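User: Hi, could you walk me through this structure? I am new to this, so please take it slowly.

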Amino acid sequence: MVDTGPLLLDFAERQPEAFARELSGHSVDELTSIISNLPAEQRVDILARLPGALIDEVILAVPDFGRHWLTPAPLERISELLSRLPRSRRLALIETVDNTEKRRRLLRQQQYPPHAIGSLIVDVPLRVVETARAADVVRAIRDLGHGDPGLLLVISADGSYRGVLDPWPLLTNTREARLADHVVRVKPLLPEVAAVDAADDERWNEYAWLPVADHEGHILGRVARSRVLRAAREETADALRRQDFVTSLFAEFVHLCGGIVERLLARTARR
């Protein structure tokens, strides 16, 4: 196995996109060995950034890929990787995840059409119960180990959505803060909404991601602005391709009918 070393590990963590580009020039055996040497939670993140053809080859090259690579990975990273694969491959891989709850949530995401919000959902790094003490929330945020945790979700004791929480006022306030003072009620998206419709939501001007909840108000996860906009562009491109195909088909049909009419008129004229 290739020895990645501390410098390469740091490179992978700080600049995953550049790291993945560097790996693209290696053979499948080499890059599989390098990625295998990364911490378990980083492997899928790097893999999802490789060209599609390489992703398939690496998956096939790793013995028991689901248990060793997918299972320990964060749900968000698994979702990003699955989004790079055909639906049939996604479902087969999900079945190899050795974690019942994670497998259930991944399967639920696949129930929606490719360009629906429900298929773009990823997990939320931290869900805060509305009755939690601010000091406990700050401690939980720091335990995440992220530089910027982003907006957090606030839920009730039964898991119903209450709003989003900007953690920075809590982190920068040295006095005991009241959690309720920093909760903002942001209306969640519904999972069946098409990405092309959600892309027009004016709230993207303010938020990098929005919560997604079912009709009963139970949180399903969150969806990033970048993923929604990308899915909307793809959906629009697909619609244009279908429109071009129908237009071309209609033109061929008109041309065929014109030829038939011309032949009929020619026969009539000869009689």
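Analyst: We can go through some salt bridges, a strand pair, a loop and a surface patch, one after another.

Analyst: Please keep in mind throughout that this is a predicted model.

User: Okay, how many salt bridges does the structure hold?

Analyst: The structure holds 9 salt bridges, and one of them is formed by Arg77 with Asp45, where the closest N and O atoms are 3.8 Å apart.

User: Where do Arg77 and Asp45 lie?

Analyst: Arg77 lies in helix α7 (residues 75-82) and Asp45 in helix α4 (residues 40-47), so the pair ties together parts that are 32 residues apart in sequence.

User: And is Asp45 buried or exposed?

Analyst: Asp45 has a relative accessible area of 11%, and because buried means under 20%, Asp45 counts as buried, whereas Arg77, at 24% relative accessibility, counts as partly exposed.

User: What about Asp136, which residue does it form a salt bridge with?

Analyst: Asp136 forms a salt bridge with Arg133, and their closest N and O atoms are 3.2 Å apart. There is also a network, in which salt bridges that share partners join Asp45, Arg49 and Arg77.

User: Why is β6 described as largely enclosed?

Analyst: Strand β6 (residues 219-224) has 5 of its 6 residues buried, so it is largely enclosed by the rest of the structure.

User: Now the loop between α9 and β1: is Pro114 there buried or exposed?

Analyst: Pro114 lies in that loop and counts as exposed at 57% relative accessibility. Not counting residues up to four places away in sequence, Pro114 touches Ser119 and Leu120.

User: And His115, what does its side chain reach?

Analyst: The side chain of His115 reaches the backbone oxygen of Ala231 at 3.3 Å. His115 is placed in the loop between α9 (100-109) and β1 (127-129), and with a relative accessible area of 17% it is buried.

User: Last one, which residues make the nonpolar surface patch?

Analyst: Phe250, Phe253 and Val254 make a nonpolar surface patch of about 330 Å², and Phe253 has its place in helix α13 (residues 225-270).

Terms used
Residues numbered from 1 in each chain as written. Predicted model: local features only at pLDDT ≥ 70, side-chain atom pairs only at ≥ 80, totals over all residues. Heavy atoms only, no water. Helix = DSSP H or I, 4+ residues; strand = E, 2+ residues; numbered from the N terminus. Buried < 20%, exposed > 50% of the residue type's maximum accessible area, 1.4 Å probe, protein only. Polar contact = N/O pair within 3.5 Å; in protein donor to acceptor, adjacent residues only side chain to side chain. Contact = heavy atoms within 4.5 Å. Patch = residues over 30% accessible without salt bridge, like charges linked within 9 Å, V, L, I, M, F, W, Y side chains within 5 Å. Areas by Shrake-Rupley, 256 points an atom, 1.4 Å probe, with all protein chains shown as cover. Salt bridge = Lys/Arg side-chain N within 4 Å of Asp/Glu carboxyl O.
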